[in-house]
Amino acid sequence: MLNTEILRNNLEVYNNSIFPMQIIILVVAMVLTYFLFAKPSAKMDKITKGYLAFAFAWVGLVFPIHGFSKIIFTIYYLVLSSLFIIDIFSIKIEFKLPETNGKKCFVLFLIISAFVLYPLIEYIAGHSYPGISLFGVVPCPTIIFSLTLLIGSIPKVDKKIFILLILPAISYGFIVPITLGVWADLILLVAGIYSLVILIKNWKLIER
């Protein structure tokens, strides 16, 4: 059974084994985010979807979870990855920042949280690299980032992708801080609950 000590040991081994992938995937995400919002285009949307497909495929295949749970975990994130690839062609998702200043600030806060605040909270809680979760190679901060992009894109989103991201956001965000002491996942819980509210409010406006 997974506990805090096992989690931290697994993260240490994992982060050491994949270095410098953490840096590469973070830098690419930052560059994509800048161009996505500063110079939006259909081409940037496709590149971002391809990036998210890669990130979730990586998480599903490489992130260290053992036993039968690994099978379910891998299938779940490969489905997410596949849906982002499909959307490159179906074009249900059109990334953009929200129009209102309040929502725009909240979206930017969540993006910064995924990149910087998440590992910072881990550090403040007494954990240090390589025993911490990092963006792009671990599910939780990657889900925060992905949900945030979809929040800004309402109503131009894919309901299936949105729901598949909300489910682990709320479940991980509630369970993981209590059982494993990863308090940074409270940000994930906030993102998940907010996304659920936005989804419900805009359900009829979003295409199936």
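Predicted model: local features only at pLDDT ≥ 70, side-chain atom pairs only at ≥ 80, totals over all residues.
At 8% relative accessibility, Arg 8 counts as buried, because the cut-off for a buried residue is under 20% relative accessible area. The side chain of Arg 8 forms a salt bridge with that of Glu 122, with 2.9 Å from N to O. This pair connects distant parts of the chain, since Arg 8 sits in helix H1 (residues 4–18) and Glu 122 in helix H5 (residues 101–124), 114 residues apart. Glu 122 is buried as well, its relative accessible area being 1%.

In total, the count of salt bridges comes to three. Side chains of opposite charge can pair when their charged atoms come close. Another such contact is found between Asp 87 and Lys 49, whose side chains meet at 2.8 Å, N to O. Asp 87 belongs to helix H4 (residues 68–90) and Lys 49 to helix H3 (residues 42–62), so this bridge ties together parts that lie 38 residues apart in sequence. Both Asp 87 and Lys 49 are buried. The side chains of Lys 160 and Asp 158 also meet in a salt bridge, with an N to O distance of 3.3 Å. Here Lys 160 is partly exposed, with a relative accessible area of 41%, whereas Asp 158 is buried at 4%.

Helix H3 also holds Ala 57. This residue is buried, with a relative accessible area of 18%; the value counts as buried because the cut-off is under 20%. The C-alpha atom of Ala 57 is separated by 9.4 Å from that of Ile 75, a residue 18 positions away along the chain.

Phe 19 is joined to Pro 20 by a cis peptide bond with omega at about 10 degrees, and Pro 20 is placed in the loop between H1 and H2. Tyr 129 is joined to Pro 130 by a cis peptide bond, again with omega at about 10 degrees; Pro 130 lies in the loop between H5 and H6.

Most residues other than glycine have a negative phi, and most peptide bonds are trans. Ile 91 lies in the loop between H4 and H5 and is partly exposed, at 45% relative accessibility.

Finally, the second largest pocket contains about 190 Å³ of space. Its lining is made up of Lys 96, Pro 98, Glu 99, Thr 100, Lys 103, Ile 151, Gly 152, Ile 154, Pro 155, Tyr 194, Ile 198 and Asn 202. Helices H6 (139–153) and H8 (185–201) each contribute at least two residues to this lining. Sorted by class, the lining of the pocket has six nonpolar, three polar and three charged residues.

Technical notes
Residues numbered from 1 in each chain as written. Heavy atoms only, no water. 1 Å grid on protein atoms, 1.4 Å probe; cavity = no way out; pocket = protein on both sides within 12 Å on 5 of 7 lines; lining within 4 Å. Points joined across faces, edges and corners; volume = space filled by probe spheres on them. Helix = DSSP H or I, 4+ residues; strand = E, 2+ residues; numbered from the N terminus. Nonpolar A, V, L, I, M, F, W, Y, C, P; charged D, E, K, R; others polar. Salt bridge = Lys/Arg side-chain N within 4 Å of Asp/Glu carboxyl O. Buried < 20%, exposed > 50% of the residue type's maximum accessible area, 1.4 Å probe, protein only.
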